[in-house]
Amino acid sequence: MGQLPTFNDGAYVKAWLMRVVRNKCLDRMRRNVPETAEDDDGTTEILDTEPFKVVETLLQNEALALALANLPTNQRGAWLMREFSDSSHALIADELDIPVSTVRGLLARSRRSLAGALADWR
């Protein structure tokens, strides 16, 4: 997970998350070269709509980053630890210095908020 647990400021988490998303998108774009076919007149036609998928993914990731930025700090921290590093409830509770039952509540509220904010992407 690197230095994510040391980020205390939400702005740093957002910047880190945006950099991860950007790099993943660039990696995917580099891997996926669109297929082409030659028409009867000798011109080539792109068969793959990959650029549209890339743009859609970027927009989805931007929407997620915005939704995460709008979460309260403790909800955002718990969600990031759970979803990005698959941290246990006990580890999250220890890192955030809160009871495990509170972690469950934070995760439930963050998931509900994110689901509402990202409903248009379903």
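Predicted model: local features only at pLDDT ≥ 70, side-chain atom pairs only at ≥ 80, totals over all residues.
Ser 110 counts as buried, because its relative accessibility is 0%, and this residue is found in helix α5. Not counting residues up to four places away in sequence, Ser 110 touches Leu 71, Gln 75 and Trp 79.

**Helix α5 and its buried residues**

- Helix α5 has 18 residues, and the distance from its first C-alpha to its last is 26 Å, which is close to the 26 Å expected at 1.5 Å a residue.
- The buried residues in α5 include Ser 110 together with Val 103, Gly 105, Leu 106, Leu 107 and Leu 114.

**Helix α3 and Gln 75**

- Helix α3 has 13 residues and reaches 17 Å from its first C-alpha to its last, a span that is close to the 18 Å expected at 1.5 Å a residue.
- Buried in α3 are Gln 75, Arg 76, Ala 78, Trp 79, Leu 80 and Met 81.
- Gln 75, which lies in helix α3, counts as buried because its relative accessibility is 9%, and buried means under 20%.
- When its neighbours within four places in sequence are left aside, Gln 75 is in contact with Leu 106, Arg 109, Ser 110 and Ser 113.

**The salt bridge and Arg 111**

- The count of salt bridges in this model comes to one, and the two side chains that meet in this bridge are those of Arg 111 and Glu 83, with an N to O distance of 3.4 Å.
- Arg 111 lies in helix α5 and Glu 83 in helix α3, so the pair ties together parts that are 28 residues apart in sequence.
- Arg 111 counts as partly exposed because its relative accessibility is 38%, and Glu 83 likewise counts as partly exposed, at 41% relative accessibility.
- Leaving aside neighbours within four places in sequence, Arg 111 is in contact with Glu 83 and also with Trp 79 and Arg 82.
- The C-alpha atoms of Arg 111 and Gln 75 are separated by 9.0 Å, although the two residues are 36 residues apart along the chain.

**How the helices pack in pairs**

- In general, two packed helices are described by the angle between their axes and the distance between the axes.
- Helices α2 and α3 pack at an angle of about 135°, and their axes are 9 Å apart; with this angle, α2 and α3 are therefore oblique to each other.
- In this pair, Leu 64, Leu 68 and Ala 69 in α2 meet Arg 76, Trp 79 and Leu 80 in α3, and the residues of the contact of α2 with α3 divide into five nonpolar, no polar and one charged.
- Helices α4 and α5 pack at an angle of about 100°, with their axes 8 Å apart, and α4 and α5 are therefore roughly perpendicular to each other.
- On the α4 side this contact is made by His 89, Ala 90, Ile 92 and Ala 93, and on the α5 side by Val 100, Val 103, Arg 104 and Leu 107; the residues of the contact of α4 with α5 divide into six nonpolar, one polar and one charged.

**Two aspartates with a positive phi**

- In general, most residues other than glycine have a negative phi.
- Asp 86 is not a glycine, and yet it has a positive phi of about 55°; this residue is found in the loop between α3 (73–85) and α4 (89–96).
- Asp 86 counts as exposed because its relative accessibility is 60%, and exposed means over 50%.
- Asp 97, which is not a glycine either, has a positive phi of about 55°, and its place is in the loop between α4 and α5 (100–117).
- Asp 97 is also exposed, because its relative accessible area is 70%.

Technical notes. Residues numbered from 1 in each chain as written. Heavy atoms only, no water. Helix = DSSP H or I, 4+ residues; strand = E, 2+ residues; numbered from the N terminus. Buried < 20%, exposed > 50% of the residue type's maximum accessible area, 1.4 Å probe, protein only. Expected span 1.5 Å × (residues − 1). Axes fitted to C-alpha atoms, helices over the stretch in contact; angles between N-to-C directions. Parallel < 35°, antiparallel > 145°, perpendicular 65-115°, else oblique. Contact = heavy atoms within 4.5 Å. Nonpolar A, V, L, I, M, F, W, Y, C, P; charged D, E, K, R; others polar. Salt bridge = Lys/Arg side-chain N within 4 Å of Asp/Glu carboxyl O.
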